[in-house]
Amino acid sequence: MAAKPQKSSPLLIVLAWAIVGIPWIWGITQTLKNAAKLFG
Amino acid sequence: MPSFFDRGSQIAGPGFSRWLVPPAALAIHLCIGQAYAFSVFNLPMSKLIGLTKPAPDDWTIPQLGWIFSIAIAVLGLSAAFFGRWVESGGPRRAMFTSACFFAAGFAVAAFGIQLHNIWIVYFGYGVLGGVGLGIGYISPVSTLIKWFPDRPGMATGMAIMGFGGGAMIGSPLAVLLMKYYATSASLGVAETFLTMGVLYFVLMLFGAFIVRLPADDWAPAGYVPRVAANRMITAGHVPVEAATGTRQFWLLWLVLCMNVTAGIGVLGQASPMIQEMFPGRVSAVAASGFVGLLSLFNMAGRFVWSSTSDYIGRRNTYMVFFVLGIVLYAAVPTTGHMGSVALFVAAYAVILSMYGGGFATIPAYLKDTFGTMHVGAIHGRLLTAWSVAGVLGPVLVNYIRDYQLAHGVAKTDAYTVTMYLMAALLAVGLAANWLMTPVDKRHHYRAEPVEA
């Protein structure tokens, strides 16, 4: 079955990364805050 | 089943960007990685009746510990059992199924918490959730390898880094939700489980929606296979049934098992270990910071080491893990005797980066050894090594410590034998990795080379 052309918009790529990236960055920030206690 | 889940409808058309596939994989792994943060529920679930302190009918910590153990054991078993099904149906069907099982696991466990029935919780989060974990873990692996034949280590490392990162979201999210739902009559645990199940279900569906398979004849622009340059990268494809009958599969099983055993026991015991090895110098709060730091190195190592393996080769990468790991484990007791917290922390940070790196590099190692045709299914079967290591690692660390203490060894020295034993386990892994050779061509699916 020949697949239809489906050009990916750069906006869609940015949006997809943002959807997974924002919660991830939030989680990393929380962990960094926790890790900082080792040096506090 | 609607055609949306047919393998044919998952094939990307011309112009589809492969950079949409890693976020799809991350949407799955960031969710199922929550399993690593399950211990955040242990304390509240041990006082669901007593609320402020455990009542006689409350669940004990050892009872609760089984929830995570069952989930990890079922993860390995379901990855092995469903690997072929995941491979044949494509990533979308697998991701959707994983989302259903994982979310259902939360919902059933919430019901069990509400009824205060531990067996329902075991079945919900442990069994149903464990199936979601196993299918979800392997669902994007072979798809990523096919989209990134030029950088398979980096691609799978990115997804598996998400599994390490999932705990970093799951733990603070659970704390926030329990705080939000808590009342004078409830700790809000069941409501938190339900909410997390719904949130994870939505994010995992997003992954299933955007994921695509490359067409059979697709390759990145300008890609030239490096097969001829490295004899450890096969040009053939070994079917999963044949792969599990090869010496190489079991050598890699041993490589993964030893690497994970050495890391997982330490990860679970990190907080008391640093406090006991440096009494009076490391507080409980600082020890929790140490655990956070290890989580960061565990996550970062997944991406850094697997990306590095694209350049130095998988076998060499594991050689570094084992040789450096042996040196560091052997040096840890000395850092304790020296009283150097900084050296102790630095040694464990590197060890945990290699623990994560081992998970992330293994799919590309399998692809190099067995080809891409059934790499997801072969990966699934190899993950039984994780199930074994998940029991072996903590048992070795905890029981040897208790044995040492019972025989009058000081707390500061209670981990010395364990560290030397971990170094010995890594030496076994080193030997297994050393013995790795290309798979004999008689196991290949076809006589002539086929490059994905």
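Predicted model: local features only at pLDDT ≥ 70, side-chain atom pairs only at ≥ 80, totals over all residues.

Modeller: Start at T416(B). T416(B) sits in helix α16 of chain B, which covers residues 416–434. Is T416(B) buried or partly exposed? T416(B) counts as partly exposed, because 19 C-beta neighbours lie inside 10 Å. A buried residue needs 20 or more. Now look back along the chain to I400(B). I400(B) and T416(B) are 16 residues apart in sequence, and their C-alpha atoms are separated by 9.7 Å.

That leads to the helix pair. Two packed helices are described by the angle between their axes and the distance between those axes. Here the partner is helix α15 of chain B, residues 384–406. α15(B) and α16(B) pack at an angle of about 145°. Their axes are 9 Å apart. The crossing of α15(B) past α16(B) is right-handed. Which residues make the contact? From α15(B) come L396(B), V397(B), I400(B), R401(B) and Q404(B). From α16(B) come V417(B), T418(B) and L421(B). By class, this contact of α15(B) with α16(B) has five nonpolar, two polar and one charged residues.

Step back to the whole of chain B. Chain B is divided into domain 1 (3–210) and domain 2 (227–440). The centres of the two domains, taken over C-alpha atoms, are 23 Å from each other. Across the boundary, 29 residues of domain 1 of chain B are in contact with 30 residues of domain 2 of chain B. On the domain 1 side, α3 (61–89), α6 (141–147) and α7 of chain B each give two or more residues. α7(B) supplies the largest share of that side, twelve residues. The domain 1 side divides into 17 nonpolar, eight polar and four charged residues.

Now turn to the other chain. Chain A has one helix and zero strands. Of its 40 residues, 22% count as buried. How many residues of chain B are in contact with chain A? There are 30 in chain B, facing 24 residues of chain A. On the chain B side, the elements giving two or more residues are α1 (21–32), α7 (152–181), α8 (189–210) and α11 (284–312). The largest share here is nine residues, from α11(B). By class, this side of chain B has 21 nonpolar, nine polar and no charged residues. Note α7(B) again: α7(B) gives residues to the side that touches chain A, and α7(B) also gives residues to the domain 1 side that touches domain 2.

Conventions
Residues numbered from 1 in each chain as written. Chains lettered and ligands numbered in written order. Contact = placed C-beta atoms within 7 Å. Helix = DSSP H or I, 4+ residues; strand = E, 2+ residues; numbered from the N terminus. Nonpolar A, V, L, I, M, F, W, Y, C, P; charged D, E, K, R; others polar. Buried ≥ 20, exposed ≤ 12 C-beta atoms within 10 Å, placed from the backbone. Domains from an automatic or database assignment. Axes fitted to C-alpha atoms, helices over the stretch in contact; angles between N-to-C directions. Left-handed = near helix turned anticlockwise from the far one by under 90°.
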